[in-house]
There are 2 protein chains.
Amino acid sequence: MSDIAAVLERADKNLPESLERLFALVRVKSISTDPAYAAECRRAAEWLVKELEVIGFTASVRDTPGHPMVVAHHQGASADAPHVLFYGHYDVQPVDPLNLWETDPFEPQILKENGRDVITGRGTSDDKGQLLTFVEACRAYKDVNGSLPVKVTMLFEGEEESGSPSLKPFLEANRDELKADFALVCDTSMWDRDTPAISAGLRGLVGEEVVVKAANRDLHSGYYGGAAANPVHILSRIIAGLHDDTGRVTLDGFYEGVEETPAEIKAMWDKLGTSDEKFLKPIGLSEPSGEKGRSVLELTWARPTAEVNGIEGGYTGEGFKTVIAARASAKVSFRLVGKQDPAKIRAAFRAYVRNRIPSDCSVEFHEHGGSPAIQLPYDSALLNKAKDALSAEWPKPAVVIGMGGSIPIVGDFQKMLGMESLLAGFALADDRIHSPNEKYDLMSYHKGIRSWIRILDRLVQA
Amino acid sequence: MSDIAAVLERADKNLPESLERLFALVRVKSISTDPAYAAECRRAAEWLVKELEVIGFTASVRDTPGHPMVVAHHQGASADAPHVLFYGHYDVQPVDPLNLWETDPFEPQILKENGRDVITGRGTSDDKGQLLTFVEACRAYKDVNGSLPVKVTMLFEGEEESGSPSLKPFLEANRDELKADFALVCDTSMWDRDTPAISAGLRGLVGEEVVVKAANRDLHSGYYGGAAANPVHILSRIIAGLHDDTGRVTLDGFYEGVEETPAEIKAMWDKLGTSDEKFLKPIGLSEPSGEKGRSVLELTWARPTAEVNGIEGGYTGEGFKTVIAARASAKVSFRLVGKQDPAKIRAAFRAYVRNRIPSDCSVEFHEHGGSPAIQLPYDSALLNKAKDALSAEWPKPAVVIGMGGSIPIVGDFQKMLGMESLLAGFALADDRIHSPNEKYDLMSYHKGIRSWIRILDRLVQA
């Protein structure tokens, strides 16, 4: 226990130099979407390799068809220590419109904002600052102990902001090298300034496009109206029937594999202070629209949905055209939780739709991806150790939350490397990531480093 | 009765010269949509004035902001004779693609087609041939009797193929001059080669655009899905609820003013040989989709409808985007029959929609026109006299039919001049109007002239 106090103290002492290193990395203009910055992306990768080598990692720049990866390894203090894979990305979003920036996006500064010290610049929060919290945690460990408590592999990509085209092939090709006991993903936010958060659940997704076809051409609604099938009506009935009056999805077997969230987790969420009103007011709404009797957090974090993302049919231009369309189409997605099976959901949807197509009409389906939900069990040791560690560092205890959307890397780790991920990060909702005047709170950086020290330490405790 | 035999005989004798006159009019390239042919449009109007003056009409070319109108008047044989307004148009559709024409579109010929004599050329059927049937009927009358049995006003426009922009202002400005007891509109078709048809009913139309608004911006369906209202779902439920399981429209009071079609009329329609299958097969369908237990002819001619003509919401491009749209919209039209009131239907629709909008969402409506149905009563003397006259001329008795769509001029005559219209014409379904190789059967022209002679004669009988 004295060990960790010394490591934390060392991190505090290192902070000024840690900041210099963050500044140096932020100065590298590693915008991945713009080919003009390809050399800068490589320079960021090389910078990381050099810094990791200084700490004692075996590190290398690894070429891909796009921007390179950085892979680095370090042994743990003992042979049976757990092996963690830390993931981050060194590329950043473009900075346009430049005239909206109050400081140079690539010349970081520490400024006061609402009484807080913030580090300005593109990538300070997303993701250079976040990934360095982990690197600097490792450095403090090495400075004090000469070793790391766990075996660490780091994987930094340079294409996260441009769709990660090289990531899957790279995981596939380097499966053995990258496979660890679990992954640490540091691309998420605090619940609020005082409350760290771990995302234990990520909803899965099934995407379907459905095209209903009726007549063999668009028809004049005067001549045919009343006698000819209207595919917009058919599609509307299909969509209207997807939910019952209580907001539940009506597909056969849709709720197979959906488990109720434990009462203590729901109680934790209820205490977060996110009322339906608080959640919906910023988007101009006030009534939760989904399953009745559940809070907005439960609805968006822990319940499955059926949602139409787009619909189109007939004449949609200016004015009016009395046409009965030959076809109408909708893009429909299902958010999945628990153990819902994407293939079964897709099959149930298609059967549901086919049952509602008149015999003289037809339907086509186009698949748009499918991935199951990710759920770190609420009683998992990894989750609870990280929770303890974070609770020790921050003013308020860590909360275990869900995420309504998906983070592809987490699914890839699960699917391709059979590895669970722990999602924790120190960004704040007001960091303006992807926008002008991105910043990272000095506190996020400093206590983020300390948080990883505590987590690494806690991982090797019983 | 000897009168009419002589007039019919005269029409037969006149036929060769009548054809020369039709040829002369077809040779005028009066394409109204192309400004290059403006002088030709005027030349067609002037040609008509000259020909009508030859028959004894007081005729004039009347300027409008677009192509000119032709107005001509002739007294009836007696002061108390009815006054009829005959409407037609001298402009024609463009002729592209010219290479698909087998003859010169503006050099008419009489050719054999499937054993029938047909007059080739643009406008032979639509509407130069049709309008001349009436002019030539008047000529034969004048040739024999030196008078016309009824007072006749003719109105020929030159913008029918380009949306009739000058027509309403012209009717408005010349109301007193154009108002007659009723109108004769010769822009329709025979039921088949042997069976003349009178259109007694034209459905009305109410057009509405409805925009459902939910959140104040497009939302990420991962973050908000399950909690935020989806306007596509709301709109789909609205559309799905517009019809009940029997295909009836559910709006309050929707069927007020809708009368059942008399049994003898329905029996007449049933005998026309238009089975559901025959009607729907060419468009690739087989099941009538509207109110159950009614034939396709009844559904499209004599029953009101609610039809979505277009729908749009969310992401509709290539691929997939997991968005919850801020808004979704639909264009909805109602076809009206009988005495349904467009304003009441619109109000009932809006009330129905408003009742289905969640309290934190909103709806906007945009009006797109409204006109009541036109219905010549099945027992009207005008209708039955015309029916008798046509039945005397053609191999099979005339049938009284409906039209699913609207003909704006008929509504305008009703609304602006308080005048009913009798719709009868001699075109055939295979006349290829608006297409290359337009033709008009020689029989249509010849017996069309004879038909108008019989109708004019019958109008002044008891």
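Residues are numbered from 1 along each chain as its sequence is written, while chains are lettered from A and ligands numbered from 1 in the order in which they are written. Because the model is predicted, local features need pLDDT of at least 70 and side-chain atom pairs count only at pLDDT 80 or more, whereas totals for chains, interfaces and linings use all residues.

**Exercise 1. Describe the side of chain A that touches chain B, by residues, by elements and by class.**

Step one is the count: 65 residues from chain A and 66 residues from chain B take part in the contact, where two residues are in contact if their C-beta atoms, placed from the backbone, lie within 7 Å.

Step two is to ask which elements supply these residues; helices (H or I, at least four residues) and strands (E, at least two) are DSSP runs, numbered from the N terminus. Among the elements of chain A that each supply at least two residues are helix 7 (231–240), helix 10 (296–302), strand 11 (305–314) and strand 13 (327–336). The largest share, nine residues, comes from strand 11 of chain A.

Step three is the class, for which Ala, Val, Leu, Ile, Met, Phe, Trp, Tyr, Cys and Pro count as nonpolar, Asp, Glu, Lys and Arg as charged, and the others, Gly among them, as polar. On this side of chain A there are 26 nonpolar, 28 polar and eleven charged residues.

**Exercise 2. Work out how strand 11 of chain A is joined to strand 11 of chain B.**

Two strands pair if DSSP finds at least two bridges between them. Here five bridges join strand 11 of chain A to strand 11 (residues 305–314) of chain B, and the two strands run antiparallel.

**Exercise 3. State the domains of chain A and describe the contact between them.**

The domain bounds come from an automatic or database domain assignment, and they divide chain A into domain 1 (2–201 + 374–459) and domain 2 (204–258 + 304–371). The C-alpha centres of these two domains of chain A lie 41 Å apart. Their contact takes five residues from domain 1 of chain A and six residues from domain 2 of chain A. On the domain 1 side of that contact, five residues are polar, with no nonpolar and no charged residues.

**Exercise 4. Explain why strand 2 of chain A is described as largely enclosed, and name the strands it pairs with.**

A residue is buried if 20 or more other C-beta atoms lie within 10 Å of its own, exposed if 12 or fewer, and partly exposed in between, with C-beta atoms placed from the backbone. Five of the six residues of strand 2 (residues 69–74) of chain A are buried, so this strand is largely enclosed by the rest of the structure.

For the pairing, begin with strand 1 (residues 58–62) of chain A, which pairs with strand 2 of chain A in the antiparallel sense over five bridges. These two strands form a hairpin with six residues between them, and A:Arg62 has A:Met69 as its bridge partner in strand 2 of chain A. Strand 2 of chain A also pairs with strand 6 (residues 151–157) of chain A, again antiparallel and over five bridges, and in that strand A:Met154 stands opposite A:Ala72.

**Exercise 5. Give the strand order and the edge strands of the three-stranded open sheet in chain A.**

The order is 4-5-18, with antiparallel pairing. The edge strands are strand 4 (110–113) and strand 18 (439–441) of chain A, each of which pairs on one side only. Strand 5 (residues 116–120) of chain A is joined to strand 18 of chain A by three bridges, and A:Val118 stands opposite A:Asp441 in strand 18.

**Exercise 6. Decide whether B:Ser362 is buried, exposed or partly exposed, and list its contacts.**

B:Ser362 is placed in strand 14 (residues 362–371) of chain B. With 15 other C-beta atoms within 10 Å, B:Ser362 is partly exposed. Leaving aside its neighbours within four places in sequence, B:Ser362 is in contact with B:Lys213 and B:Ile357.
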